Amino acid sequence: MLLGIDIAVWSILILVAMVGLLVIGVPLAFTTGGIGVALCLLLFGPQGLFLLASRTFTFFDTYVLVAVPFFIFMASIFEKSGLASDLYNAVKLWTGRLPGGAAIVTTVFGIIIGAIIGVAGGEIVLMGLVAMPQLLRLGYDRKITIGLVCATGALGSMIPPSIILVFYGLSANVSIGDLFLASFLPGLLLAVLFVAYVLIRCIVNPSLGPPPPLAETQLPFAAKLKLITGVALPMLVLLATLGSIYLGIASVTESAAVGTVGTIVAVWIRRELTATLIRDAMVQTMSACGMVLWLVIGTNALIGVYNLMGGIEFAKELLTNLPFPPFIVLSMMLLVWIFLGFFIDWIGILLLTMPVFLPVILAFGYDPLWFGVLFNMAMQVAYLTPPFAPAAFYLKGVAPPGMTLEEIFSAMWPFIGLQLLGLAIVTALPQIALWLPALI
């Protein structure tokens, strides 16, 4: 007991304080950091602050963390250049005049972009700028278009490389390369579910996804060859980034640097490299990193103090001693993640819940690789779920005039259902995630 108060009561008080501060509009980083520092001073005195500083410094001193700004910088350059437009037009050649064919193009495009940049926010913006105007121009149903762009864009955090998996690997102390492999097939599963849903609806009602005009599919061979060569540079960047990891040539951090250099070279070859482009990409990268790192500082402070209080051990014993089978406890954790996703970002959810949930999962004998994939898939749902729904706000920033947030929210529900279906499948069949890491 601390100050005569049981740890269970302290846990409730911390939760109430967090909810209260978030409700009145205090950012999560300062909510968690403020509570952590206040508890530290109250329970352990000023000397306890040195422990919080040491914990935060240890996290920041992790070499693999350097990969984060590299991946974000690569995504920013890719977003601001013309590489994405050429890639989309090249992929479009393969679908011909299939009903819903442009939806297949959009999904394949989203997978490739996700495999190159690994950042969901950047991919959703890119999809909104490149794919959404094409789908609307072809006469696709607005709700299908909006939902597909948001859901496929969110795959940027599912298809490796992924910033979410980098941070989970750091938190869970598991191989990030293995996490990339484990996340690949579940990411493809989600993509297949999206495509199947759109194709079925377009086959039943072709007016929802009409084929493109003949003039756009019957191009001269020289024009087709030029479009196909537009795929070469992005694919080389992809192969350089992921290939160097899977072949054991480079670490995740080194491969992120290779991908960044490859993206810059690709843009330079296309004669699109300018000082303005580099400056804007650097500003965007520093802004994103600053937000993430403030959250790391705040949540590290709170979790560090809670651990010193004995809270992590208390939570582990509470969850492992519940009168339910381990699978039910796991399902409860998934529901907690999805619920938290209504209100806060993935980095806050990861840093707040993983120190509590991961020891329980290990005690149950579950594989932490599989657990990381489940977390990533739960965050897919969080990207689309109102009221927080980052995907909706990213898309709104580049949406055509007249497209409201209410319309975007309403369009995403069928795809949220598909995400939940994919999460249920991988939860029930762990080998979907664990097969590739065991094979390679």
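A residue counts as buried when its relative accessible area is under 20%. Keep that cut-off in mind as we walk through this model, which is a predicted one.

What is Ser-183 in contact with, leaving aside its neighbours within four places in sequence? The answer is Met-158, Leu-165, Val-373 and Asn-376.

Now step back to the loop between α9 (163-172) and α10, where you'll find Asn-173. Arg-271 sits in the loop between α13 (252-269) and α14, and its relative accessible area of 79% makes it exposed.

Next, have a look at helix α2, which covers residues 28-44. How far apart should its ends be, at 1.5 Å a residue? The 17 residues of α2 should span 24 Å, and the end C-alpha atoms are 23 Å apart, so the two values agree. Just after the helix comes Gly-45, with a positive phi of about 80 degrees.

Which parts of α2 are tucked away? The buried residues are Leu-28, Ala-29, Thr-31, Thr-32, Gly-33, Ile-35, Gly-36, Leu-39, Cys-40 and Leu-43. These buried residues pack against four helices: α1 (7-23), α3 (48-60), α14 (275-308) and α17 (346-364).

Let's zoom in on one of those partners, α14. Two packed helices are described by the angle between their axes and the distance between the axes. For α2 and α14, the angle is about 35 degrees and the axes are 7 Å apart. The crossing of this pair is left-handed. On the α2 side, the residues that meet α14 include Phe-30, Ile-35, Leu-39 and Phe-44. On the α14 side, Trp-294, Gly-298, Leu-302 and Val-305 are among those taking part. What sort of residues make up this contact: nonpolar, polar or charged? They divide into 13 nonpolar and five polar, with no charged ones.

For charged side chains, turn to the salt bridges. How many does the model have? The count comes to three. One of them joins Glu-407 and Arg-142, whose closest N and O atoms are 2.8 Å apart. Glu-407 belongs to helix α20 (residues 405-428) and Arg-142 to helix α8 (residues 142-154), so this pair ties together parts that are 265 residues apart in sequence. Glu-407 is buried, at 18% relative accessible area, while Arg-142, at 34%, counts as partly exposed.

Another salt bridge links Glu-272 and Arg-270, with 2.9 Å from N to O. Glu-272 is partly exposed, with a relative accessible area of 24%, and Arg-270 is partly exposed too, at 23%. There's also a salt bridge between Asp-280 and Arg-279, where the closest N and O atoms are 3.5 Å apart. Asp-280 has a relative accessible area of 30%, which makes it partly exposed.

Technical notes:
Residues are numbered from 1 along each chain as its sequence is written. This is a predicted model: local features need pLDDT of at least 70, side-chain atom pairs count only at pLDDT 80 or more; totals for chains, interfaces and linings use all residues. Side-chain values use heavy atoms; hydrogens and water are left out. Helices (H or I, at least four residues) and strands (E, at least two) are DSSP runs, numbered from the N terminus. The expected span of a helix is 1.5 Å times one less than its number of residues. Buried means under 20% relative accessible area, exposed over 50%, partly exposed in between (1.4 Å probe, protein chains only). Contact means heavy atoms within 4.5 Å. A salt bridge is a side-chain nitrogen of Lys or Arg within 4 Å of a carboxyl oxygen of Asp or Glu. Axes are lines fitted to C-alpha atoms, for helices over the stretch in contact, and angles run from 0 to 180 degrees between N-to-C directions. A crossing is left-handed if the near helix is turned anticlockwise from the far one by less than a right angle, and right-handed if clockwise. Ala, Val, Leu, Ile, Met, Phe, Trp, Tyr, Cys and Pro count as nonpolar, Asp, Glu, Lys and Arg as charged, and the others, Gly among them, as polar.
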